[in-house]
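The sequence and structure come first.

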Amino acid sequence: ALDAAMAVSGGLDMRQQLNFKRSMRLWQPMLTFGLREDILTGKYGRHYKHRLTEDQFLKLLRVTSISTLDVEAIVTYNSFDNLLHYYSEMSAMGDRDPEFGLLGSATKEKDSSSSGGGDKWGRIANVSVPFAVLQSLDDPLIGWRTIGTEDPKGLAESGTGNLMLVLTKAGGHVGWPTGNNPKKNGWKWMSDAARDFVLAVDIARKEQFLAK
């Protein structure tokens, strides 16, 4: 059974990526080429060639952003209705009304009296094990709006309190470089954060067991 989980630079509501134009234009193209090559030349390449039509496969060859890659490689291959449908299904908060005016929706008024209610937060309120979300607000690939809400405190208090948000002002995407020579420490800060979370969960479980 799963005892704990942690998402690092992953985003809770990927529908918000639909409005992250700067990422699509500037940063995503740098990563798209490698990902596209992995799909086409990797072990799944033959499956794509078998399932996609000639026109669909040609579109896959021409993608220039992660978002369009998701359309041509994921949405088409797995028969999702569209990119919004895919992002809704794959996101922990994809079953609730999106915030930040996405799709013409207006951000709902915050209701502190219902901040812990499951209905307001959807399926993420059903998380039954400690779940930490580590996200940098300056992430150039996965925008800060993918946190899914303007009320992070209410989100952290949703359900039975298993969700922990660790939001940093800086850190980039799966990075958090430290020191004058970031190469020296590599991904130490991020790795230490994951380690400390897991150790804290383990200690808490042992204390609960001894208290019985």
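## Salt bridges and burial

Glu99 is buried, with a relative accessible area of 10%; buried means under 20% relative accessible area, exposed over 50%, and partly exposed in between (1.4 Å probe, protein chains only). The model is a predicted one, in which local features need pLDDT of at least 70, side-chain atom pairs count only at pLDDT 80 or more, and totals for chains, interfaces and linings use all residues. Residues are numbered from 1 along each chain as its sequence is written, and side-chain values use heavy atoms, with hydrogens and water left out.

The side chain of Glu99 forms a salt bridge with that of Arg96, at 3.2 Å from N to O. A salt bridge here is a side-chain nitrogen of Lys or Arg within 4 Å of a carboxyl oxygen of Asp or Glu. Arg96 is also buried, at 10% relative accessible area.

Eleven salt bridges are found in the whole structure.

| Pair | N to O distance | Relative accessibility |
|---|---|---|
| Arg96 and Glu99 | 3.2 Å | Arg96 10%, Glu99 10% |
| Arg123 and Asp95 | 3.9 Å | Arg123 30%, Asp95 40% |
| Lys153 and Glu157 | 2.7 Å | Lys153 55%, Glu157 37% |

Arg123 and Asp95 meet in a salt bridge through their side chains. Because Arg123 lies in the loop between helix 6 (118-121) and strand 2 (131-136), and Asp95 in the loop between helix 5 (83-90) and helix 6, this pair ties together parts that are 28 residues apart in sequence. Helices (H or I, at least four residues) and strands (E, at least two) are DSSP runs, numbered from the N terminus. Arg123 counts as partly exposed, and so does Asp95.

In the pair of Lys153 and Glu157, Lys153 counts as exposed, whereas Glu157 is partly exposed. Lys188, Asp192, Arg195 and Asp196 are linked in a network of salt bridges.

Gln16 sits in the loop between strand 1 (5-8) and helix 1 (21-41) and counts as buried, at 4% relative accessibility. Leaving aside neighbours within four places in sequence, Gln16 is in contact with Pro98, Glu99, Phe100, Leu102, Arg145 and Thr146, where contact means heavy atoms within 4.5 Å. Glu99, one of these residues, is the salt-bridge partner of Arg96.

In helix 5, the residues Leu83, Tyr86, Tyr87 and Ser88 are buried. Helix 4 (66-78) is included in what covers the buried residues of helix 5.

One cavity of 30 Å³ or more is found in the whole structure. On a 1 Å grid over the protein atoms alone, a cavity is a set of points where a 1.4 Å probe fits but cannot get out, and lining residues have an atom within 4 Å of a point. The largest cavity holds about 40 Å³ of space. Its lining consists of Ile124, Ala125, Val127, Ser158, Gly159, Thr160, Gly161, Asn162 and Leu163.

## Overall fold

The protein has nine helices and three strands, which run β-α-α-α-α-α-α-β-α-β-α-α from the N terminus on. Taken along the principal axes, the C-alpha atoms fill a box of roughly 60 × 45 × 35 Å. Of the 212 residues, 38% count as buried. Among contacts between residues at least 6 apart in sequence, 74% join residues at least 24 apart.

How values were computed
On a 1 Å grid over the protein atoms alone, a cavity is a set of points where a 1.4 Å probe fits but cannot get out, and a pocket is an open set with protein on both sides within 12 Å along at least five of seven lines; lining residues have an atom within 4 Å of a point. Grid points are joined across faces, edges and corners, and a volume is the space filled by probe spheres set on the points.
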